[in-house]
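Please read the following note with the sequence and the model side by side.

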Amino acid sequence: MAVYDNIKGIEEEIIKCMKCGNCQAVCPVYKETLSESGVARGKIQLAAKILKGEAKYTPELYKKFDLCLQCQACSANCPCGVKAHKIIMAARAELARQNMLPFAKKAAFNILKKPGLFDFGLRLGSTFQGLAFRKNASGMSPRFPIGLEMRRVVPALADKPLRSELPEVNKAPNSRKKVAFFTGCVTNYIYTSVGKAVVDVLNHNGVDVIIPKEQHCCGAPAIINGDIETGKAMAKSHVDIFSKYDVDAIITVCGTCGGTFEQKYVELLADDPVYEAKARAVARKIRDISEYLVDDLKVNFAKLGSVPISFTYHEPCHIGRGMGLTRQPLEMLTKIPGITYKPMKQPNRCCGGAGSFSLTNYDVSYQILKKKMADIQGTNTNVVVTGCGSCRMQLEDGLAQEKMPHKVMHVIEVVQMAYQNAKEKPAATANKEQTKASQKSGKTKKAS
Amino acid sequence: MSKAQAIEALIKAIGKENVITEHEELVCYSFDATADMPSQLPDVVVTPRSTDDVVEIMKVANQYKMPVYPRGSGTNLCGDTIPLKGGIVLRTQKMNKIIEIDADNLVAVVQPGVVINDLNTAVAPFGLIYPPDPGTVATATMGGSVSECSGGLRGLKYGVTKHYVMGLEVVMVDGTVASFGGKTVKNVTAYDMVKLFTGAEGTLGIITEITVKLIPAPEAKKSMLAVFNKLEDAGNTVTEIVRSKVIPATMEIMDQVTIRTVENFAKVGLPTDAEAVLLIEVDGIPEVVEREAATVVKVVEKNNGNIKVAKDDKERDGLWAARRAALPALAQMKPTTVLEDATVPRSRLTDMLVALQNIAKKYDLMIGTFGHAGDGNLHPTILTDERNTEEMKRVHQAVDEIFKTALELGGTISGEHGIGMAKAKYLPMEFGEQGVEIMRKIKRALDPENLLNPGKMMG
């Protein structure tokens, strides 16, 4: 039984919890609230009540399950291997089925289901954002309450979405591989430079990049909030879209999007006779950009140009614990010549962003963010590198509010800088190197 | 006088924001970390911020005859924080200040809600440690750990919580505040009330401030893993190491069931045909550590063991990985994990381990045993499924027999988890009715109406 279709599907996970409370040691929400309902153990016992049919579906119950970042620290730290974050999602799904989703969220997810409308809204937003937001040095703040905290600093929407700026097919000069690129909403509408960096770096490595025009939101906001019906519709749509392309890999630049394609789609469509196999085939091709460059292309980063920055790294929860990519981003960054890495105290502690969590629980979210800011402050760097657009928005808000000078960059933007700085070398050598590299990785492809 | 009035009075006394009555929240305080226990909703959960708040709460509780259950992080293993008879759960999590670190007198003064690890982090810059290290150091509170008198992996050399508690401030059931003990090493002034409240499981008073002893952190340590083909050899090794005047900080044992489960789960390189392994760590001054380690190697080899000494921190982590995986690995085998802490004199360790194997056979249960061999404190871990009522019956019979055996070998029913609800019925087995009655008299004298953690220990 698919785990999110019926709370029964998660019974074995619930029963496995021995209530030891070890999750208290790592749950960022618990550290702030010190409340048993804030931590996985409490939530699992509430889920057990739902399972036994003893729970009343109240707004209070909804709020308990809403107060979770899905950072997966509990699951990673659980001595019994309980997938606590999945139990919480299954409970959210059950509550959504019982019509407990707040109106605003339901309405938002309905729009997600209609990609055309969502795209239209955000394009309109880009034109008219000046009406609702005032610009300040580091981004924009709301002019009046629109469901956002007034003090919050949010990035401006890009003038033009990435996918309307770049062509659908981006051929590399020495083409040897072909990938599809799932941009994700944040890269498409806000940080378009990240998408351009992906195309640039991949083209440099002889990889053609196809950006399917039909793609839309991966559906993570709906799925994480329990709107499984919307999630399934979006899963099927993307499985269809990406199955059409005969590519070596599907590239993502956000752990949440990547994890949704790689894990959630398979879970959501597990019982579907048509889509299960298709979803698995798509999932197998999913590569975060760092994973693709390090493990598949085996790029020699030490040979790139110098990037003389001193940076610290924030590991996005869904890149590290979600997709299991703890090694690749740093392996890539630290090999770049001239660069200095200064680890913060807990690079893999959640920044408190967690998508819509920071909208609905801003106070807790900000307290968690403040700890991250203190960790960043302690590193004596001026750049924070991360691998997720949603973390980046959160970090930028914190840096602006705490008046810290740091700049936030996506890992691929740093790599792009290394390529740009290498370009200054004589062109002939660079070309030779590239051909060599392509021959080499042609061999490794078979092995993988 | 209704419960609603009592809740009103609590709100008036300590503020609305510190009084929880929402059903969904109450559910989260209806259980603790103990397996196979009933759960019970409290009527209200209160969050005092100071000793004064606790005094006010006790006055209301006393006036309305509402039971009070002190609770830290709810990680105890004897059902001690389950609000069995309804009433007030008093959670100390937000009384979490470290009041003082006095390095000259080697003491720290803390509020009960401080997490053990946080105290250790705070004293580390002074080169000091607070040695008691139960498995829950990262989550358990000082108040809870003093109330349960928790032990840990270093009991043999460093003792347990009660050896470190020097002073306590306690709020009595009627709201009276009393302080006992203090910062001096020597203190024989009247009854040793500090020891009485330590390990009293919240049945005699509410601990609101704790003064603990700190010690200098050991300069060096050395870890070793010894593998034995015969259980007896492992048991003999444990006693012979101590006979050789070496007191290791840690001397942990794992039986064959545990070894196989750990190896299956974590692939740490344990030989699955071994009957027992010992993880031994000596610590202290570097020269002494070297000498003691050499003695340990000699004793292990003499007793037909195969020993590996960790050369650096990385190898040390490797050896410890096996021990750390013991409970998680066992817990993943079956949905329900019943973890006991029967304890015997060190010299009877082998007898106890053999008896546990026989009990597992007799009741057709899977029991993995690991634990603190150096202090005779074993953790027979019964792997079962609480939904299987027939098997649970056999589990209960096996538990009865485990305790009976421990007592027959001159041991005790609880080494470090406490009595609570889980083991209250076994007390007469250990003390006789007359012994239990003496304890009951103390309980009645201090809490005549049984408002403090009722249903636990003394009933």
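1. A search of the whole structure finds 48 salt bridges over all chains, where a salt bridge is a side-chain nitrogen of Lys or Arg within 4 Å of a carboxyl oxygen of Asp or Glu. The model is a predicted one, in which local features need pLDDT of at least 70 and side-chain atom pairs count only at pLDDT 80 or more, while totals for chains, interfaces and linings use all residues. Residues are numbered from 1 along each chain as its sequence is written, chains are lettered from A and ligands numbered from 1 in the order in which they are written, and side-chain values use heavy atoms, with hydrogens and water left out.

2. Within chain A, Arg280(A) forms a salt bridge with Glu276(A), and their closest N and O atoms are 3.0 Å apart. The two residues are separated by about one helical turn, because they lie four residues apart in helix α15 (residues 275-285) of chain A; a helix here is a DSSP run of H or I with at least four residues, numbered from the N terminus. Arg280(A) is partly exposed, at a relative accessible area of 37%, and Glu276(A) is also partly exposed, at 26% (buried means under 20% relative accessible area, exposed over 50%, and partly exposed in between, with a 1.4 Å probe and protein chains only).

3. In chain B, the side chains of Lys443(B) and Asp447(B) meet in a salt bridge at 2.7 Å, N to O, and both Lys443(B) and Asp447(B) are buried.

4. Which residue of chain A meets Arg387(B) in a salt bridge? The partner is Glu11(A), at 3.1 Å, N to O, and Arg387(B) also forms a salt bridge with Asp385(B), at 3.0 Å. Asp385(B) counts as buried at 17% relative accessibility, whereas Arg387(B) counts as partly exposed at 37%. Salt bridges that share partners join Lys8(A), Glu11(A), Glu12(A), Asp385(B) and Arg387(B) into one network.

5. The contact between the chains (heavy atoms within 4.5 Å) takes 28 residues from chain B and 30 residues from chain A, and the rule finds five salt bridges across this interface. The buried area, which is the accessible area (1.4 Å probe) that two parts lose on being put together, summed over both, is about 2,400 Å² between chain B and chain A, with carbon and sulfur atoms giving 54% of it. Glu24(B), Phe31(B) and Arg387(B) supply 23% of the area that chain B buries against chain A, more than any other three residues.
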